[in-house]
Structure formats: structure tokens, C-alpha cells
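Please keep the sequence and the coordinates at hand while reading.

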Amino acid sequence: MLKGFEDIKGKVCVITGGGGIIGTSLGMGLAEAGAKVAIVDFNLDRANEVAKEIREKTNAEAIGVFANVLDKSLLIESKKEINYTLGKINVLINGAGGNSPNATTKEEFVTEKSMSDLSGTLLGLDIEAFRKIFDLNFMGTVLPTMVYAEDLFEKGGCIINISSMNAFRPLTKIPAYSAAKAGINNLTEWLAVHFSKVNIRVNAIAPGFFVTDQNRFLLYDKETGVLTPRGEKILSNTPMGRFGEPDELIGTLLYLISDLSKFVTGIVIPVDGGFNSYSGV
Ligand code: NAD
């Protein structure tokens, strides 16, 4: 008989950025499949709220844990807490990430008009804001992997990185986020090879467009709540014609961490309503 996701039961799964919209949904999906879940976030109140919601809805073991994915010593402390409360880690989901308005150029293109005022172009971007977003999305995956992967050596396990549409072709205006997510695809392949002899599989999910706090300002007008021209452009380039719902990522996650995919490593799966396949014509 074909087996499903039974092997996920009892696995200790850590989600960084677990307090966010996507992390919350993935945590709920894992708990419904019988996993124990650690919601790691630097917003501890939010992490605790999410863990409580998971416990109440699923009866699974779930805890909120404080860590900053850019601080190795805090990550080490968080690992001790997870090990003490839930046991050794079997699955790591590197979900912390995102973009911010001050790492976003105002203009898509440099034009004749920009020459009189370059502040809306790459030349006007604050380099510290740029570095912060690059680090959050790239180093914020490297560091948790360095700290948490040790647990996976004993019995094998899975690492899931969260990539983005920007990784395949950069979107305009968000250069740091795009470059970091492209780095995530490369790192996923590198890690898959590096850990291949110790039964650790490394794959990534590349979500298409899901409305969350980090991108709402780009997709909807703050005052009127109507789609921005960018939001409209995204929808017209998504063959399915809508934004994704966070729970639509769960099936891909469960597949990638279950034995159903036990010979699959080093891949990036788009979950995007067809955005990445569409040329626009
Ligand atoms: P979100 O903003 O809702 O959640 C991000 C979470 O990460 C927050 O709870 C925040 O507190 C936490 N966080 C931020 N910096 C942290 C740090 N230094 N240490 C620990 N925690 C930190 O975002 P989301 O939409 O749920 O995004 C989750 C992941 O999915 C991100 O990697 C994002 O880039 C990626 N993604 C999102 C979309 C989308 O459409 N929303 C699309 C593609 C990829």
C-alpha cells in the first residue's frame, strides 16, 4: 500500500521566522501531520502566541523560542531550549526573511528624468538597509544551519530553505532581497551535496506571491486598499490569476520532509500559480 506522511509523526521540526504568516501556516501543517514544532522568532510574544494556537488547534507539542537568526550565540541557546523541551531536531525550516521599504528603490528604471535626482535609484539606497536585508535572507539561513544541523547528523534529517520568485529572475526595486534569495538557491544545492553522505537532504520552496506584512505596501495602496500597479502586474503575470494562500505551501513542505521524497535533494520547488513558467505572452 502506498504510504503517506506517517513518518513525519513525532519529528522535531524547527521553523525560524515561525511567527510570520508563512511560518505560522507551515507550523500548523506540521503539527497536523503529528510533528513537534518549535516556533523560533525574535518576536518572542508572537512565537508564543503561534505555539499556543498550534497546541490548541492540533493538540501537538509546540513551543515558542526566542532567537535572532543573525546571532550565533542566541541560536546556540535556542537549540539547548529546543533539545531540552522537544528533543533532538529532525527538520529545520529556514523561514526567517523578508524585504523592507528602505531596501527598495522607488524607481524601476534609471531614466533621463532620474538624472536630476538619483535618490529613487540604486545610487540613492542606504547601504546599511541593503546589507541588513541581504544578511537577514542569506546569513539568516547560513547561521541557523550551522547551529541546528548538528542534531541531524545522528539519524539524518531535512533542511528546507525558503526561496522566492526573485531567485530565478530578479524583481525590480528589491536588489538586496533578490540577490540574497538567488544565493539561497545556490546554497541549497551546495548544502545538498555537502550533507549528502550523512543522510541530510536539503531542498527549498520558492513561494510565488502571498500577501504578508513585508510586501503589503508594494501590492496594495495604503490609503485606498486597491491594488497598486505592481500588484496588478503580478496578478496579470500569475496564470492562476490570484495571490497564494499560505496553507497552499503545506503539501510541498510535507512531501519534501517525508520519505516520499527520500531520493530528492538539492531542488527548489516553485509554489506560484504558474508565475515562474509564464513569459507574459
Ligand atoms: P513575515 O514578515 O510574516 O514573517 C517573518 C518572520 O520572521 C516574523 O515573525 C519576524 O519576526 C521574523 N524575523 C525577522 N527577522 C528575524 C530575525 N533576525 N531573527 C528571527 N526572526 C526574525 O514574512 P513571511 O511572508 O511569512 O515570510 C517568510 C519567508 O517566506 C521569508 O523568507 C520570505 O522572504 C519568504 N517569502 C515570502 C513571500 C510572500 O509572498 N510573503 C514570497 C516568497 C518568499
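A salt bridge is counted here when a side-chain nitrogen of Lys or Arg lies within 4 Å of a carboxyl oxygen of Asp or Glu. The model is a predicted one, in which local features need pLDDT of at least 70 and side-chain atom pairs count only at pLDDT 80 or more, whereas totals for chains, interfaces and linings use all residues. Residues are numbered from 1 along each chain as its sequence is written, and side-chain values use heavy atoms, with hydrogens and water left out.

By this rule there are 12 salt bridges. One of them joins glutamate 49 to arginine 46, with 3.0 Å from N to O. Both residues belong to helix 2 (residues 44-58), where a spacing of 3 residues separates them by about one helical turn; helices are DSSP runs of H or I with at least four residues, strands are runs of E with at least two, and both are numbered from the N terminus. Glutamate 49 is partly exposed at 46% relative accessibility, and arginine 46 is partly exposed at 28% (buried means under 20% relative accessible area, exposed over 50%, partly exposed in between, with a 1.4 Å probe and protein chains only). Helix 2 also holds lysine 52 and glutamate 56, 4 residues apart and again separated by about one helical turn. Their closest N and O atoms are 3.5 Å apart in a salt bridge.

Glutamate 154 and lysine 88 form a salt bridge with a closest N to O distance of 3.3 Å. This pair links distant parts of the chain, 66 residues apart: glutamate 154 is in helix 6 (residues 152-155), and lysine 88 is in the loop between helix 3 (72-85) and strand 4 (91-94).

The chain also divides into domain 1 (6-101 + 131-208 + 244-271) and domain 2 (212-242), with bounds that come from an automatic or database domain assignment. The contact between them, meaning heavy atoms within 4.5 Å, takes 14 residues from domain 1 and 6 residues from domain 2. Together the domains bury about 760 Å², 52% of it on carbon and sulfur atoms; buried area is the accessible area (1.4 Å probe) that two parts lose on being put together, summed over both. Between the domains there is 1 salt bridge.

Arginine 230 lies in helix 9 (residues 229-236) and is buried, with a relative accessible area of 15%. Beyond four places in sequence, arginine 230 touches Glu108, Leu171, Thr172, Lys173, Ile174 and Leu218.
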